[in-house]
Amino acid sequence: MHIGVIGAGISGLATTHELRERGATVDTFEASDEAGGIVRSRQVDGHTLDLGPQRLRGSELVEAWIDEFDLREQRFEGDDDQPLFVLRDGRLRVAPLSIRDAITTDLISWRGKARILAEPLAGPPKPDETVADFFARKFGSEAERTLFSPLYTGLYGAHADEMLVRHSVGKALAKRGIDRSILLAVARKLLEGVDIPPIVSFEDGLQVLPEAIADRYADSLHFETPVEAVRDDGDGFEIVTADGTTTVDQVVVTTPAPVTADLLEPLDGDLADALGGLTYNPLAVVHLESNYGREGHGCQILDGEGYETLGLTWNASMLGRDGVFTAYLGGSRSPELVEESDDHLGELAAEEFESITGFSARPLHVARWTPGMPAYDDSWNALDTVSFPDGIHVCATYTERAGVLGRLRDAQRTAADIFDD
């Protein structure tokens, strides 16, 4: 079987591996000159910077891939025993992610904490319920506003009152078999003694994983070769690039929805229109250097606090990357910010970091991700009315979970689907 894979981000590379392991012939096309997509690392002024995801969880699947691609010597563990903060009323307050912190934190009032305990009485997600409405109904309005919505939607740079549960947290709960009470499900896990996988990263940054996959399958990869269109040739498909046309039996598309829309326009105009209308939240990722020494994983910044910064990852503390902090700007709060110059974004992030922490910071690097993260708002309802042509498979965040672990699992599913067909 000859498969064409479009995109050499972590999704495309993981799919290439899974297909090659099953004996397929694979041609993988990438518009840029490097592997990894959003999983990208840089060395700047002696610092290792990750421009996309900042760390992994060392699940069984992630650890298996680390061994498969001989990255054990690069692997190290971060510090899990540190708090996460939320900026509320100008102060960094501990997010109650443990029983101890739930009792001692001043992020939520005692009345708000008591309301959280009533969560088992609330029902499952409702059709077209927003993330904000869902968390408020489950845990109370105070906990929704100050804890649950910021921590969840902070991953996507999204507004909780625009993100729909059924396209986001609802899918995550369903995959875990949680159909009613989140608290009771968590309590059962604690009683069972389930261990949370450790925080892990690589000495030279997370991009070493996609680079290792790309090195193994160099004979399948075509860098700096953007795909212009995908066409049905009757028996299979033609992948059209500036270098010519490649005929394949089936196609796996791993690009963001707007790119996929352009590629599949010759096959299905209605599908292309639906994909092209999906909303994404563009993000600016600004790395800073500072001698701020407080321990923690980072902080989320509530709407209304007066900052453009959405949140901060404290790489210095969590990962032992001396002096490095990551600021996120843009998202649905201020999408236009991503169009500003590097100098403006760096200065803004540094100024707000100092205002939040009391310590000065120096900009190290600015990256932009456009289209960015899926918004999972009502534009995603368009996917309910369309389907992909036979022989076209999707391994991307707009149909399954984001994150490196989600991408590895999605690649396994995609390859299995192709060979089951």
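Is Lys189 buried, partly exposed or exposed? With a relative accessible area of 47%, Lys189 is partly exposed, where buried denotes under 20% relative accessible area, exposed over 50%, and partly exposed the range in between (1.4 Å probe, protein chains only). The model is predicted, so that local features require pLDDT of at least 70 and side-chain atom pairs pLDDT 80 or more, while totals for chains, interfaces and linings use all residues. Residues are numbered from 1 along each chain as its sequence is written, and side-chain values use heavy atoms, without hydrogens and water.

Lys189 belongs to helix α8 (residues 182-192); helices (H or I, at least four residues) and strands (E, at least two) are DSSP runs numbered from the N terminus. Patches comprise residues with over 30% relative accessible area and no salt bridge, like charges being joined within 9 Å and nonpolar side chains within 5 Å; a salt bridge places a side-chain nitrogen of Lys or Arg within 4 Å of a carboxyl oxygen of Asp or Glu.

A nonpolar surface patch is formed by Ile99, Ile103, Trp110, Val186 and Leu190, with about 590 Å² of accessible area together. Helices α3 (99-104) and α8 each give two or more residues to this nonpolar patch, and Ile103 lies in α3.

Arg362, in strand β19 (residues 362-374), is partly exposed at 37% relative accessible area. The C-alpha atoms of Arg362 and Ser168 are 35 Å apart, with a sequence separation of 194 residues.

Zero disulfides (cysteine sulfur atoms paired within 2.5 Å) are found in the whole structure. Cys299 is buried at 0% relative accessibility, and Cys395 is likewise buried at 0%.

How values were computed
Accessible areas come from the Shrake-Rupley method with a 1.4 Å probe; for residues, only the protein chains shown count as cover.
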